[in-house]
Amino acid sequence: MERYELDPKVLKTLFSLEGKVGDAAFKKLVPFLDLRQAKRKIIIRDAGAVENESRFLVKGLIGMYYTGKLSRLYFPGDVFMDFESYQTQIPSKYHFKALGDSVYISLSYHNEELLLKEIPDFTDFSKSQIAKVRNADFEWHAFTQMNYRDKIRVIEEKFPSFKYDLTNKEKASLLGVSYATAARIKSFPKIGKVSRVNKQLEKLLKCPFPAYVHNDAVEIEDQSVSWAINFHSIFRNNEEVDYYKKQKLSYLSSCLYPEIDFEKGVWISKLYLWLFYLDDMTDNLPVGQKANFWSYLLNGIEAIINEKQMEYIPSRIFVYLNAFVDLATEFKEMVTYNTDLMDMVFSEVLLYLKYNKAESEHKDSGHPPSLDEYRQSRPYFSGGNLALALCSFESVDKFKSDGADWLRTDQLRQLGAKLIYLSNDLISYNKEESQGDFMNIIALLMHHKKMDFTTAQQAILDEHAAVLEEFMKLDRIWRDEFRPENNGVLKYLKQIKYKIAGSVHWSLSISSRYKTT
């Protein structure tokens with residue numbers, strides 16, 4: 001402890017007040033401060049108590065807990081306190097615990113008042129502590145939006161024994177992942193670079209948040225392909241298997257859900273394989289049969305979900321329906337028959353099918369939809385709404401459709417779905433145009449507004465930029481001030497960002513699906 005005695009010169013350096021407060025004033029400061037130590041696992045302040053001191057961490061590691069879950073870390077140089085409770089003198093919702101042998105300097109609420117009266121020079125000291133708290137809140141907000149792999153790297157720079165000193169439960173709550181994922185932490189794959197051909201669009205569609213790929217993407221692909229081949233004969237021959245793997249279709253789910261539990265990740269990958277296959281089947285059917293295909297699917301899936309008897313189904317379509325029975329049964333078991341989750345996800349699957357049927361009707365008739373109809377339906381048949389609804393499934397906590405966190409992110413999800421379909425239409429236009437497919441916002445602008453390609457493309461790029469700016473304004477509102485009780489919203493916010501950035505990353509740098517040659 002001798003090393004951390006309250007020496008005025010040491011304090012001046014610790015508090016970054018060199019040249020701002022004189023030595024004489026610092027000598028007067030010492031009696032107002034307490035130097036304390038806390039052994040690992042010691043509770044420093046319980047939840048329910050009023051915050052009556054600010055604490056400057058000199059050595060060690062401190063954790064903030066909310067409802068028993070580790071929500072935040074404090075490192076040497078940080079001020080740890082519940083600022084709201086300190087200012088208002090109302091009970092705090094959080095408790096602090098030493099996660100390593102720690103030393104900190106305490107200034108009580110009472111002593112701060114006396115200090116500012118007796119030594120006015122320390123007004124700057126008080127302001128510096130408040131500034132530290134505010135700046136640390138801002139930095140921690142940025143931390144909450146990181147992928148868990150980046151979080152680990154940041155923590156290990158300051159706390160090398162992180163993986164060993166914290167329990168899997170603590171790591172899970174801090175990183176925003178499940179217990180199973182925390183227990184599986186290992187080395188991480190690198191994200192591939194964008195090809196030259198797509199660099200321009202990648203630059204134009206670049207989001208102010210990164211994309212990631214699931215750590216177990218290869219194994220997840222192996223599991224989903226094996227399911228399709230060995231259990232349901234979805235693929236009819238080796239050529240179809242090779243096509244699926246070459247396009248890296250299963251990697252889309254690994255880009256959209258890069259932090260999800262392995263088992264859930266496999267389930268979503270199987271669902272996406274199923275959806276991709278249905279989409280490709282539609283493209284291969286002649287005009288006049290596309291809507292009929294989706295009608296059989298929609299009627300069959302409705303019967304399965306509602307547990308009713310299916311009417312006549314052609315044998316090949318029955319293969320797809322049988323695969324969905326498997327998916328639905330597994331899903332129910334994985335969510336332990338949570339009715340909110342089942343209703344949410346199955347409803348979105350039905351809406352996906354319904355709007356794909358409507359899209360196919362336009363293709364069969366050769367009549368493009370109006371711009372308003374397209375904009376209303378595109379988030380559904382693009383799969384964007386379904387992808388965002390599945391944030392409910394990847395959530396670690398028990399999902400409630402009327403829960404505050406889910407309801408408060410409704411606008412974020414709507415904007416996210418719009419960004420997904422706008423970026424997809426920009427990326428896929430060339431391929432769809434070469435196939436005579438008019439179900440694209442650029443093609444429809446050219447048709448209805450008589451725009452040329454360059455003007456229509458720029459209009460959608462401008463719209464994408466405007467929607468992204470609106471999304472980021474909401475993002476900044478939620479990240480304005482760190483509150484552990486908002487962790488649920490911040491978790492969904494991060495997951496929505498993964499869907500937006502991941503869909504672009506997969507389309508431009510992983511899959512060859514939208515290449516024209």
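Biologist: From which domains does the lining of the largest cavity draw at least three residues each?
Modeller: The model is predicted. The lining of the largest cavity draws at least three residues from each of domain 1 (8-145) and domain 2 (369-516).

Biologist: What makes this space a cavity and not a pocket?
Modeller: A 1.4 Å probe fits in a cavity but cannot get out, whereas a pocket is an open set. The structure holds seven cavities of 30 Å³ or more. The largest has a volume of about 170 Å³.

Biologist: Which residues lie nearest the centre of the largest cavity?
Modeller: Met81, Asp82, Phe83, Asp137 and Phe482, out of 15 lining residues. Strand E5 (69-74), helix H3 (83-88) and helix H5 (123-144) each give two or more residues to this lining.

Biologist: How do you know which residues of that lining count as charged?
Modeller: Asp, Glu, Lys and Arg count as charged, so Asp82 and Asp137 do. The lining of the largest cavity divides into nine nonpolar, no polar and six charged residues.

Biologist: What lines the second largest cavity?
Modeller: There are 13 lining residues, with Gly176, Val177, Glu259, Glu394 and Gln495 nearest the centre. The space in this cavity is about 110 Å³. Helix H25 (residues 487-510) gives the largest share of its lining, three residues.

How values were computed
Residues are numbered from 1 along each chain as its sequence is written. This is a predicted model: local features need pLDDT of at least 70, side-chain atom pairs count only at pLDDT 80 or more; totals for chains, interfaces and linings use all residues. Side-chain values use heavy atoms; hydrogens and water are left out. On a 1 Å grid over the protein atoms alone, a cavity is a set of points where a 1.4 Å probe fits but cannot get out, and a pocket is an open set with protein on both sides within 12 Å along at least five of seven lines; lining residues have an atom within 4 Å of a point. Grid points are joined across faces, edges and corners, and a volume is the space filled by probe spheres set on the points. Helices (H or I, at least four residues) and strands (E, at least two) are DSSP runs, numbered from the N terminus. Domain bounds come from an automatic or database domain assignment.
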